[in-house]
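Visitor: Hi, could you walk me through this one?
Guide: Gladly, here it is.

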Amino acid sequence: MSGESLACGTELASLVDQVADGVPPERPAHQETCPHCKATLQEINQLWSHVRELTREEIAVPSGIVERVIRRIVEELRALGRLVPLEAVVPRLVRHALLHGPGGTTRIADRVVAKLIARLLLDELPGVRLLGAGRAIDVEITGLEITADLRLVVSYGRRIPDVVAKVRAAVIRRVEALTGLNVREVNIAVESVEVDGE
Amino acid sequence: MGRTAAGEELEFPPSAETKHLAAFEKLVRRNQTVVYRVALRMLGNEAEAEDATQDTFVQAWRALPHFRGESSFETWLYRIVTNRCLNLLRSHRSTEPLLETHEASSGRPNHLAEARSELDALKDAIGRLPPDQRATLVLRELEGLSYEQIAHVLGTTVPAVKGRLHRARLELLHAMRGWR
């Protein structure tokens, strides 16, 4: 079938690709006058309008797929008698939140949220700072919900429960205001105490 | 105690594992439409498409430790579901009709065509494509993947994808000519 040509010598495949891929015609001047090309193009255009219609067709996903999948996994884990270690894998998959609006989709990455939190701590919260080494902020996004894990150093003399409560409240308020996402948890680990100016 | 989507009590406290399972559940929820859509276009049968969708996600869960993030998670799912469907088609399709509707139309497409829409005829024609061509066509025309993505999904080369797509498109054109 490949290599098939019209009476005028034009390859059928090139006309099909022209319509399907939207590439420019190989011989535009010829096409405008050639009756064979014209008729075939019309035919292909008609077929492709149906292909495009198919892409717009609504497909109803059967309900309960998610539940059945999770049930099967749980059964499998039980049968194995152990749980698959996935710590390193799953959080890596969910690195952003998607906000679907009428004009398009907005994607907010976890590192954006982490930056907002870092800035807030640096600029507006005295008596506390992020632990310097390693990842002091870990943001996990599931759907539209954020969980943030913070590792902090508190200034000596500050009441730790007060500082922590203040940080938590400020993080929730600021992140929710700036991103439109929900903050589900702010987990705070106080890792050290330091004397100011030390 | 942790809970699954099914509301079932798990025998372990809310641990890292339950959190991961909860995260995976969200991934399934978010991607189920894409996976089911591909399976339905490939298999042409709702019950089989649902089974293939479930199998795809269970397989994805098992293979998660091997997911390296080289492709997007979605592309990775495309790969699993497409291969699942191709294996199904190769294993048991030699004698059976490809689509439920084929039983009614095979052999006498022109006669029965009058009662059916051109869109149904097109679905039939897609269902009669050889599996490799069908997969290529579904991923390209219906899912809008690039040639490179399709080559990755099917484990082949870009020229091979182009070749299959060529044949699939011409095949469809001929099928629809026969239908009219």
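Visitor: What does the secondary structure of chain A come to?
Guide: Chain A has seven helices and six strands, where helices (H or I, at least four residues) and strands (E, at least two) are DSSP runs numbered from the N terminus. This is a predicted model, in which local features need pLDDT of at least 70, side-chain atom pairs count only at pLDDT 80 or more, and totals for chains, interfaces and linings use all residues. Residues are numbered from 1 along each chain as its sequence is written, while chains are lettered from A and ligands numbered from 1 in the order in which they are written.

Visitor: Okay, and what pattern does chain A follow along the sequence?
Guide: Read that way, chain A runs α-α-α-α-α-β-β-α-β-β-β-α-β.

Visitor: How much of chain A is buried?
Guide: Of its 198 residues, 18% count as buried, a word used if 20 or more other C-beta atoms, placed from the backbone, lie within 10 Å of a residue's own.

Visitor: Switching to chain B, which residues are buried in helix 2?
Guide: Among them are B:Ala49, B:Thr53, B:Phe57 and B:Trp61.

Visitor: And how far does helix 2 of chain B reach?
Guide: Helix 2 (residues 46-63) of chain B has 18 residues and spans 25 Å from its first C-alpha to its last, close to the 26 Å expected, that is, 1.5 Å times one less than its number of residues.

Visitor: Where do helix 3 of chain A and helix 6 of chain B meet?
Guide: A:His50, A:Val51, A:Glu53 and A:Leu54 meet B:Glu118, B:Leu119 and B:Leu122, contact being C-beta atoms, placed from the backbone, within 7 Å.

Terms used:
Two residues are in contact if their C-beta atoms, placed from the backbone, lie within 7 Å. A residue is buried if 20 or more other C-beta atoms lie within 10 Å of its own, exposed if 12 or fewer, and partly exposed in between; C-beta atoms are placed from the backbone.
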